[in-house]
Amino acid sequence: MNQPDALIATAPDTAFAEWRDYFALLKPRVMILVVFTAACAMAVAPGTIHPFLGFVAILCIAVAAGAAGALNQWYEADIDALMKRTASRPLPAGKMEPREALNFAIALSVGSVTMMGLATNWVAAFWLAVSILFYVIVYTVWLKRRTPQNIVIGGAAGAFPVIVGWAAVAGDTSLLPWLLFAIIFLWTPPHFWALALFMEADYSKAGVPMLPVTHGLAHTRKQILGYSALLVPITIAPAVLGLTGWAYGGTAVTLGIIFLAMAVKVARSHSARASDMAAEKQLFKFSLLYLACLFGALVADRLLLA
């Protein structure tokens with residue numbers, strides 16, 4: 001019997017779940033970043049899309065991201081129950097039956113991909129389906145409980161929405177959306193490992209092989225610096241290759257210098273207690289602002305060039 005089946009068999013009696021529980025199942029905070037990056041990709045993609053169809057495309061991406069998050073919570077309810085950060089989610093808290101969550105997630109997955117295909121094109125629908133399957137099968141089921149590289153390879157799941165957004169407008173993909181994909185892919189390790197450093201006790205308790213758990217804090221800090229050093233040149237590449245203007249390029253350079261400075265500060269840190277990890281918490285928070293500003297600059301740059 002696998003973990004979700006075990007949960008189904010032992011789930012406590014639950015009343016009808018409230019709308020808040022369904023909403024929480026969608027991981028709304030993750031959805032915000034996914035929708036924002038996909039919307040930026042749509043804004044800079046060549047071609048035009050009717051505003052209503054553009055809204056439908058964004059809605060499909062948001063629903064698909066939520067569906068993937070719900071499937072992730074269904075599969076990981078056992079380890080969510082062991083971590084303070086996730087113990088209050090609807091499934092480990094006993095607010096919803098596992099089978100109810102699974103049916104909800106599958107319905108959203110099929111509905112969002114079908115609607116994307118009908119409203120825009122089937123290239124976008126294909127990449128939307130790939131993004132859901134990658135997050136659920138490759139990251140959640142295959143990697144997360146087996147290897148500390150889970151975040152590295154799994155980072156692709158969070159990068160696919162820019163491909164979906166671009167394809168929804170352009171009908172195909174080209175070099176720039178794949179560079180945007182690479183930016184999110186390389187941004188993911190330092191972002192999540194900064195979090196994993198000060199949440200290491202939680203991951204260790206749940207048996208999740210995050211890098212700080214398997215290789216220690218010092219090694220993780222070096223890896224954060226290494227991936228940050230790879231990330232910054234990739235963010236500048238669109239401007240160097242002439243795919244964007246230098247308004248974006250200047251922003252990428254400035255943000256990259258700040259990001260690298262924070263990564264160096266983390267690499268030089270020797271704090272072992274979460275309460276003392278100010279540099280790690282600072283990098284985690286800044287990494288969210290960093291990605292938002294970078295993609296915002298991409299759109300502003302395109303508007304300036306138009």
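Modeller: Axes here are lines fitted to C-alpha atoms, for helices over the stretch in contact, and the angle between N-to-C directions runs from 0 to 180 degrees. Two packed helices are described by the angle between their axes and the distance between the axes. In this predicted model, the axes of helix α3 (residues 28-44) and helix α13 (residues 278-305) come within 9 Å and cross at roughly 20°.

Colleague: How are α3 and α13 oriented to each other, roughly parallel or roughly antiparallel?

Modeller: Angles under 35 degrees count as roughly parallel, and α3 and α13 are therefore roughly parallel to each other; the crossing in which α3 passes α13 is left-handed.

Colleague: Which residues in α3 meet α13?

Modeller: From α3 come Leu33, Phe36, Thr37, Cys40, Ala43 and Val44, and their partners in α13 include Leu288, Leu291, Phe295 and Arg302. Sorted by class, the contact of α3 with α13 has 11 nonpolar, two polar and one charged residues.

Colleague: What is the phi of Lys27, and where is Lys27 found?

Modeller: Most residues other than glycine have a negative phi. Lys27, although not a glycine, has a positive phi of about 50°, and this residue lies in the loop between α2 (19-25) and α3. With a relative accessible area of 14%, Lys27 is buried.

Colleague: How many helices and strands are there in the protein chain?

Modeller: The protein chain has 13 helices and zero strands, and of its 306 residues 53% count as buried.

Terms used: Residues are numbered from 1 along each chain as its sequence is written. This is a predicted model: local features need pLDDT of at least 70, side-chain atom pairs count only at pLDDT 80 or more; totals for chains, interfaces and linings use all residues. Side-chain values use heavy atoms; hydrogens and water are left out. Helices (H or I, at least four residues) and strands (E, at least two) are DSSP runs, numbered from the N terminus. Angles under 35 degrees count as roughly parallel, over 145 as roughly antiparallel, 65 to 115 as roughly perpendicular and the rest as oblique. A crossing is left-handed if the near helix is turned anticlockwise from the far one by less than a right angle, and right-handed if clockwise. Contact means heavy atoms within 4.5 Å. Ala, Val, Leu, Ile, Met, Phe, Trp, Tyr, Cys and Pro count as nonpolar, Asp, Glu, Lys and Arg as charged, and the others, Gly among them, as polar. Buried means under 20% relative accessible area, exposed over 50%, partly exposed in between (1.4 Å probe, protein chains only).
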